[in-house]
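This briefing sets out selected features of the structure shown below, grouped by topic.

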Amino acid sequence: MKVSPLLVSLSLIPLILTNRAFGDEASLTELLNLTIKAQIEAAIAAVYPALVRVEVVREEGSGGRMRKTRVTGSGTIFTEDGYVLTNHHVAGKATRIICRLSSREELEAELIGTDILSDLAILKLDLSNRKDNTPLPTAKLGDSGKVSVGDTVLAMGSPAGLSQSVTLGIVANAEMMLPGGGAFRLDGENVGQLVRWIGHDAIIFGGNSGGPLVNLEGEIIGVNEVGIGSLGGAIPSNLAKHVTHEILNYGEVRRSWLGVLSQPLLKKMSDKRGILVGSVVKDSPADRAGLQPGDIITNFNGSPVEARSQDEIPPFNAMIFDVPVGGQVTLEGLRKGEAMVWKLTTEAREATIDQPKELKNWGITARDFTRMSAIENKRPDKAGVQVHSVLSGGPAKEARPEIGRGDVIVMIGSEPVANTAALKKQTALLLGDNADPQPVLVHFERRGQRLMTVVKVGPDGENAKPKQSRKAWLGVETQVLSPDLASALDLKGKRGVRITQVHGDTRAAEAGLQVGDVVLKLDGMVVNARRPEDGDVFDGLIRQYDADSEVEFDIVRNGKRETITAALEQQPVSTSELEEYEDKDFEFTVRELSFKDQLAQRVEKGDQGVLVSQVESSGWAALAGLSAGDVIKRIEDKNIVSLEAFRQAIDEIKQAKPRQVVLFVQRGVHTRFKEIEPNWE
Amino acid sequence: MRRVILAIAASLLGAITAHADIQADARKIQDANQDAVVYLSAVIEIERRGGTREASLETLGTIISERGLIVTANSNLGQTPDSDGNMPKLQDLKVLMPDGDELPATLVLQDVDLDLAFVQIDNTADEVTFKHVTLVEQGPKFELFDHFVMIGRQEEDLERLSSLHVGRVTAVVKRPRLVYGVSGTSEAPHGNPAFNAAGDFVGVFVRKIHQGKLGSLIILPTKAIHKAAQQIAAPVEEKEDAQEEADKNDPDEAIPSETETPEAKL
């Protein structure tokens with residue numbers, strides 16, 4: 001029979017009292033330790049099974065692209081149907097989420113909703129592929145309002161991506177703020193304007209984010225989010241309860257907005273009480289109600305409010321946020337000593353800034369305007385698309401004048417641009433079936449000026465590389481005859497090259513050139529090579545000839561002078577001239593194998609496949625571990641014998657859109673399998 | 001003594017007559033071919049450790065086909081690799097036509113070793129044709145100290161007017177390929193054409209690439225240009241009659257095995 005740790009701990013209490021009566025201090029300490037240990041074990045037993053390690057592929061706008069990174073965090077299952085509580089900064093921008101349960105079961109998860117202002121996010125485990133139907137373990141959210149300094153707490157999660165781990169500490173601060181009212185900015189929001197963290201000294205590390213802070217009753221009292229100095233900071237569970245309720249019921253957290261920026265009273269206002277109005281947003285509820293900077297708010301819907309330090313502002317903000325959107329608010333206060341009453345109707349609070357989106361055909365990431373970002377950018381309304389980052393060499397960057405970060409695209413051709421979704425539609429219409437970039441007249445605004453430019457919008461803004469003239473070639477590799485080498489070979493004072501490799505099936509081989517031959521002259525011209533940087537002198541001389549020329553080589557072989565005549569031939573197709581295929585879904589580029597690949601010993605003569613010439617950093621292929629130089633031999637069960645075969649295989653894959661695509665690649669002498677999981681959306 | 005004086009007088013007269021002849025010939029050649037010599041304008045992007053830098057440049061080119069294929073000196077388009085082996089990126093290429101039109105163009109073929117580049121005027125309608133020099137595979141050849149006629153263009157401040165220069169071939173280099181050394185044109189732009197006194201297109205002015213670096217100004221004969229142009233998807237049209245004419249003028253295909261210079265001859 002398994003005994004509950006909680007029962008064990010309760011049964012120990014009388015024993016403690018008994019021991020105290022006998023005055024045996026050593027035994028008392030031992031018993032206290034046993035009690036705490038039992039409580040800890042009970043708390044762990046209550047929450048640990050519900051812990052998940054959250055593995056996320058997320059995208060962030062940078063350099064004109066949405067760049068992917070793989071991060072890990074923590075979370076807790078809080079409903080039997082598989083909802084998981086974690087941080088926004090772990091999973092709020094996820095394009096793919098895998099949750100590893102404490103049972104080591106791995107399940108995909110979907111982002112149900114995210115709230116930047118509280119840094120919380122809710123995921124839903126995909127239970128459709130579970131191997132068994134055992135109920136999911138869950139943990140319970142406790143009351144963070146009861147937390148006191150000194151309480152014993154446990155931090156649980158996956159620090160540094162490890163499997164589920166537990167550390168122990170005490171509550172150091174039940175309402176922790178950043179020093180001086182400092183801000184914790186997250187995707188444009190000041191998390192500190194709402195959250196007062198539970199500070200604790202249970203060790204947490206990167207990867208603990210989203211994991212629970214647990215009391216000895218086995219309840220979640222916080223969600224670990226930050227490290228401040230030596231302390232960890234957890235978002236109180238009462239706030240998490242509100243956020244989960246909102247997201248589960250409405251898909252988002254609904255909050256009211258008044259348009260007033262509040263601050264603590266100034267030191268010279270020591271005779272007053274209330275909260276100081278720092279600024280009022282134009283056309284906001286506060287503006288319409290007549291509030292002005294300098295007013296002091298003393299009551300909120302009849303309840304007195306006061307802030308003498310920044311720590312006291314978040315509760316006031318929370319009062320505003322918690323009013324139902326469109327609800328009535330009565331503020332009482334003072335203006336220059338006179339009593340005032342303001343009646344306001346709240347509006348829905350929008351995000352401070354929109355999150356960037358990628359517009360591949362423009363080579364930019366861009367944001368829509370929110371009400372606040374439009375005001376901050378002195379825009380008359382929310383119309384337009386604001387450039388967030390620009391791809392070097394992309395269409396926007398290549399335009400003259402170029403479009404840069406912060407510019408606002410307001411019109412293309414004669415059509416106004418409302419937002420990024422509209423711009424994507426307009427671009428699709430403009431491009432139609434054209435495979436080539438299309439020029440479009442763009443009106444954009446920069447620091448109050450309205451500029452025009454022409455952007456060649458399209459799938460590929462890169463200039464086509466010019467073809468290189470086919471040149472003469474001798475099928476040998478050489479090394480420079482350095483002065484020291486010349487002396488060692490009894491050729492003191494001579495210049496030239498030493499043949500280090502003769503390629504088979506070439507005219508050089510037919511003519512009898514051999515490894516070790518030292519070439520001093522071509523058609524009587526001295527091969528003027530003696531320093532390491534003269535490595536191209538011999539090849540350069542050869543390239544000056546026509547491909548079908550016959551050349552007389554003055555050589556030294558085994559110490560004897562000889563003359564050998566060899567015909568040149570056309571050089572093998574250079575790597576830069578080979579056709580490439582760039583795949584935007586998998587985010588890598590491949591090309592045919594070249595003669596140079598044989599020279600580099602990447603492949604053997606007769607090998608088949610395509611060579612990965614470029615892997616977009618932070619792309620899907622990069623995430624899967626594919627590297628430039630890898631040779632793709634097979635995709636799923638299709639052997640890749642040419643670039644065309646690769647194209648066909650990829651086209652078939654794109655029709656089927658499987659979750660994972662397996663590539664069989666060769667890297668050096670080893671082969672390996674790589675699994676790419678592209679985002680088909 | 002009298003004989004000597006007469007001989008000198010005859011010689012001087014001959015020289016003056018010859019000089020007058022080449023002047024007249026050169027003007028005729030200019031009249032016939034000046035519209036085939038155009039300015040190319042390009043913007044290149046150069047990668048530096050601290051970022052990229054743009055530079056604009058102008059050079060001359062020679063139109064060699066009625067469809068607007070132009071040959072020029074590759075080095076003049078900034079298309080030589082830097083010390084790190086990076087080739088500047090050609091951002092914007094335009095042809096400045098004699099009538100003032102600017103036509104977009106594309107670099108279609110490069111031969112870094114021969115300092116050759118081919119530029120195609122973009123999207124020309126079928127009915128549009130360009131005045132061009134007549135390129136034949138086995139073009140005429142120069143002998144040492146022959147006159148050459150070079151057609152160029154003045155710079156923008158002189159309205160890009162057609163310019164004319166007559167010089168002498170100072171070296172005939174035969175290996176590894178036939179090229180001509182020239183005198184009196186070291187400061188001249190290149191990418192423009194050289195003609196013989198008969199008005200035949202003999203080659204273009206480019207720089208000799210020596211051990212990977214830009215060397216002397218030379219005339220690269222039409223054979224090399226023709227051969228390179230054949231690698232472009234739409235090969236340059238060949239005038240059969242011109243080829244036959246050239247063959248008549250140059251029955252001897254053998255290439256001497258030595259380099260001749262005026263100094264050696266003296």
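In β27(A), Ile409(A) is the bridge partner of Val385(A). The model is predicted, so to speak of local features requires pLDDT of at least 70 and side-chain atom pairs count only at pLDDT 80 or more, whereas totals for chains, interfaces and linings use all residues. Residues are numbered from 1 along each chain as its sequence is written, chains are lettered from A and ligands numbered from 1 in the order in which they are written, and side-chain values use heavy atoms, with hydrogens and water left out.

**Strand β26 of chain A and its partners**

- Strands (E, at least two residues) and helices (H or I, at least four) are DSSP runs numbered from the N terminus, and two strands pair if DSSP finds at least two bridges between them.
- Strand β26(A), residues 385-390, is joined by two bridges to β27(A), residues 408-412, in an antiparallel arrangement.
- Four bridges join β26(A) to strand β25(A), residues 364-367, also running antiparallel; here Val390(A) is the bridge partner of Ile364(A).
- Six of the six residues of β26(A) are buried, so the strand is largely enclosed by the rest of the structure; buried means under 20% relative accessible area, exposed over 50% and partly exposed in between (1.4 Å probe, protein chains only).

**Helix α4 of chain A**

- Helix α4(A), residues 237-250, has 14 residues and reaches 19 Å from its first C-alpha to its last, close to the 20 Å expected at 1.5 Å a residue; the expected span is 1.5 Å times one less than the number of residues.
- Its buried residues are Ser237(A), Leu239(A), Ala240(A), Val243(A), Thr244(A), Glu246(A) and Ile247(A).
- The elements covering these buried residues include β5 (106-115), β6 (120-125) and β14 (219-228) of chain A.
- Gly251(A), with a positive phi near 80°, follows α4(A).

**Barrel of chain B**

- In chain B, six strands close into a barrel in the order β7-β8-β9-β12-β11-β10, with antiparallel pairing.
- Strands β11(B), residues 201-210, and β12(B), residues 213-221, pair in the antiparallel sense over seven bridges, and Gly203(B) stands opposite Pro221(B) in β12(B).

**Interface of chains A and B**

- In contact across the interface are 23 residues of chain B and 22 residues of chain A, where contact means heavy atoms within 4.5 Å.
- The rule finds six salt bridges between chain B and chain A, each a side-chain nitrogen of Lys or Arg within 4 Å of a carboxyl oxygen of Asp or Glu.
- The side chains of Arg175(B) and Asp523(A) meet in a salt bridge at 2.4 Å, N to O.
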